[in-house]
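Reader: I would like to learn how to read a few features of a protein model, going from the sheet to the pocket and then to single residues. Could we take them one at a time?

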Amino acid sequence: VGKPKEGKTTLAYELAVKVALGLPFLGRTTRKAAVLILALEEHAREVRMRLHHLGANDLGHVYVHIGPLEPTATAMNSIKTFAQGHGVRLILVDTLSAFWRIENENEAAEMTKVVQPLLQLARESGACVLLIHHARKSEGQYGDEIRGSGALFAAVDVAIVMKRHEVQTQRLLQAQSRYPETPSELVIELRDHGYEALGDPAKVGKDARLTKLTVSLSDQWEEVEAIVKRAGLPRREGYRLLNILVKDGMADRE
């Protein structure tokens with residue numbers, strides 16, 4: 001789940017390719033298997049470009065459906081049969097709102113009804129069904145930021161919310177999961193080779209603020225307030241971080 005242009009589709013496609021190749025994803029191992037991408041809103045050219053960028057041009061076990069798809073019983077059965085016949089272990093639905101047919105997504109009964117076929121698909125195909133969905137405009141916590149009824153959040157095994165972090169290229173992943181091994185928060189960064197896990201947000205945030213402060217230093221003596229203001233940090237936090245820079249030999253104090 002994420003707001004528009006946060007990078008959720010890029011992250012999900014990278015996961016799909018890494019699974020198809022059997023390569024690690026965000027520092028975690030994957031089990032090599034075929035994947036099925038249901039690109040319901042994307043143009044074929046955009047899908048090809050995204051897969052090309054991820055190095056998946058000639059992967060025979062990355063299957064893609066492009067264009068609208070009605071979630072009828074026949075269609076769901078066809079997806080299940082295809083997944084079983086081709087060893088698909090990851091089905092990516094991009095996006096959920098383009099797939100389901102629901103009049104009021106805030107109504108719990110309606111939400112449960114449209115999510116049920118997806119749960120059945122996961123059970124009967126043996127594949128993980130990954131749904132890309134939108135976040136509410138307002139911020140929230142514990143699943144509240146997921147657009148629509150809370151019945152969707154209650155139905156899934158893992159809900160991951162993607163948010164912007166302190167650095168432009170970084171994102172914060174917040175997870176609510178049935179599985180204890182799922183980290184509750186993880187900072188990731190988009191680099192040339194794809195997303196990379198940086199770790200705990202508290203440490204990553206501190207490192208980012210230290211970097212801001214370091215680049216705000218000059219070769220002229222200045223009052224602390226001027227440096228901290230230029231770095232865009234609170235005064236107390238700026239003093240604390242400057243002490244760290246002085247201790248580490250990165251700054252001089254007069």
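Reader: In which sense do strand S1 and S2 pair, and over how many bridges?

Author: Strands of a sheet pair through backbone hydrogen bonds, and the pairing is either parallel or antiparallel. In this structure, which is a predicted model, strand S1 (residues 34-39) pairs with S2 in the parallel sense, over five bridges. Within that pairing, Leu36 is the residue that stands opposite Tyr63 in S2.

Reader: Which helices pack on the sheet next to these strands, and what angles do their directions make?

Author: Helix H2 (residues 44-53) touches S1 and S2 as it packs on the sheet, and its direction makes about 160° with that of S2. Helix H3 (residues 73-86) also packs on the sheet, where it touches S1, S2 and S3, and its direction makes about 145° with that of S3.

Reader: What is the order of the strands in the open sheet, and which strands stand at its edges?

Author: The open sheet has four strands in the order S2-S1-S3-S4, with parallel pairing. Strand S2 (62-66) and S4 stand at the edges, and because each has a single partner strand, one side of each is left without a neighbour in the sheet. On average, neighbouring strands of this sheet are turned by 15° against each other, with direction ignored.

Reader: How should I read the largest pocket, and what is its volume?

Author: Rolling a probe the size of a water molecule over the atoms shows where empty space is left. Here the largest pocket has a volume of about 1800 Å³, and its lining counts 44 residues, of which Leu15, Cys128, Leu130, Val158 and Ile160 lie nearest its centre. By residue class, the lining divides into 33 nonpolar, four polar and seven charged residues. Among the elements that each supply at least two residues of this lining are helix H1 (8-21), helix H4 (108-125) and strand S5 (158-164).

Reader: Where does Val156 lie, and what is its relative accessible area?

Author: Val156 belongs to the loop between H5 and S5, and its relative accessible area of 23% makes this residue partly exposed. Along the chain Val156 and Gln176 are 20 residues apart, while their C-alpha atoms are separated by 9.6 Å.

Notes. Residues numbered from 1 in each chain as written. Predicted model: local features only at pLDDT ≥ 70, side-chain atom pairs only at ≥ 80, totals over all residues. Heavy atoms only, no water. 1 Å grid on protein atoms, 1.4 Å probe; cavity = no way out; pocket = protein on both sides within 12 Å on 5 of 7 lines; lining within 4 Å. Points joined across faces, edges and corners; volume = space filled by probe spheres on them. Nonpolar A, V, L, I, M, F, W, Y, C, P; charged D, E, K, R; others polar. Pairing = 2+ DSSP bridges. Axes fitted to C-alpha atoms, helices over the stretch in contact; angles between N-to-C directions. Contact = heavy atoms within 4.5 Å. Buried < 20%, exposed > 50% of the residue type's maximum accessible area, 1.4 Å probe, protein only.
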